[in-house]
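Colleague: I've just opened this one and I'd like to go through it with you. Could you take my questions in turn?

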Amino acid sequence: MLEVVCGVIEDSEGRFLACLRPAGKHLGGLWEFPGGKIDPGESPDAALVRELKEELAVDVEVGRALTPVVWNYGEITIRLQPFICRIVSGELRALEHEELRWCAPADFPRLPWADADIPILREIFPTG
Ligand SMILES: Nc1nc2c([nH]c(=O)n2[C@@H]2O[C@H](COP(=O)(O)OP(=O)(O)OP(=O)(O)O)[C@@H](O)[C@H]2O)c(=O)[nH]1
């Protein structure tokens, strides 16, 4: 099982950050919450801070943990641990994604998401 952490980043206007995985990678062309694999011996919080710095060039404060999702993609099974996050410094840059988009809650279901992220969307936007 691959341990993965991801950040649900909210801005001051109540929008959330969606990130497009580049074509050619696993689940390329689908939207995700930014994050990545937890290194051996690393805490989920530390992994998330590290990954968001590497991918987005920002420093985040890690907040509330959401419900983890175990998802079997056939070729791999992941355990995705989401956390609410807030950017505390830095200017957002798409260092590893094809596109970054701040979305209002109503826009989230319109994007094609990675399957493992659907339960997370339902948890944060229960009516969506
Ligand atoms: N970061 C991230 N990964 C996700 C999400 N949903 C989801 O199914 N995944 C899957 O979780 C796995 C690990 O994510 P990753 O971002 O570290 O994987 P990667 O292959 O891009 O990293 P790498 O190229 O550095 O090895 C990937 O197979 C990815 O498709 C998500 O919301 N965020």
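This is a predicted model: local features need pLDDT of at least 70, side-chain atom pairs count only at pLDDT 80 or more; totals for chains, interfaces and linings use all residues.

Colleague: Okay, which strands each supply at least two residues of the shell around the ligand?

Modeller: A residue is near a molecule or strand if its C-beta atom, placed from the backbone, lies within 6 Å of it. With at least two shell residues each, the strands are strand 1 (2-9), strand 4 (35-37) and strand 7 (77-89).

Colleague: And which residues come nearest to the ligand?

Modeller: There are 17 residues around the ligand. The ones that come nearest are Glu 32, Gly 35, Gly 36, Ala 114 and Ala 116.

Colleague: How many residues of that shell are nonpolar?

Modeller: Ala, Val, Leu, Ile, Met, Phe, Trp, Tyr, Cys and Pro count as nonpolar, Asp, Glu, Lys and Arg as charged, and the others, Gly among them, as polar. By that sorting the shell has four charged residues and three polar ones, and the nonpolar count is 10.

Colleague: Zooming out, in what order do the elements of the protein chain run?

Modeller: The protein chain holds two helices and eight strands. Read from the N terminus on, they go β-β-β-β-α-β-β-β-β-α.

Colleague: What radius of gyration does the protein chain have?

Modeller: We take the radius of gyration over C-alpha atoms, and the globule rule is 2.2 Å times the number of residues to the power 0.38. For 128 residues, a compact globule would come out near 14 Å, and the protein chain agrees with that because its own value is 13 Å.

Colleague: What is the bridge partner of Val 69 in strand 7?

Modeller: Strand 6 (residues 69-72) pairs with strand 7 in the antiparallel sense, over four bridges. Their hairpin has four residues between the strands, and Gly 74 there takes a positive phi near 90 degrees. As for Val 69, its bridge partner in strand 7 is Leu 80.

Colleague: Is Glu 13 buried or exposed?

Modeller: Glu 13 sits in the loop between strand 1 and strand 2. A residue is buried if 20 or more other C-beta atoms lie within 10 Å of its own, exposed if 12 or fewer, and partly exposed in between, with C-beta atoms placed from the backbone. Because Glu 13 has 7 C-beta neighbours inside 10 Å, it counts as exposed.

Colleague: Last one: how far apart in space are Glu 96 and Arg 21?

Modeller: Glu 96 is in the loop between strand 7 and strand 8. With 15 other C-beta atoms within 10 Å, Glu 96 is partly exposed. Glu 96 and Arg 21 are 75 residues apart in sequence, yet C-alpha to C-alpha the distance is 8.0 Å.

Definitions and conventions: Residues are numbered from 1 along each chain as its sequence is written. Two strands pair if DSSP finds at least two bridges between them.
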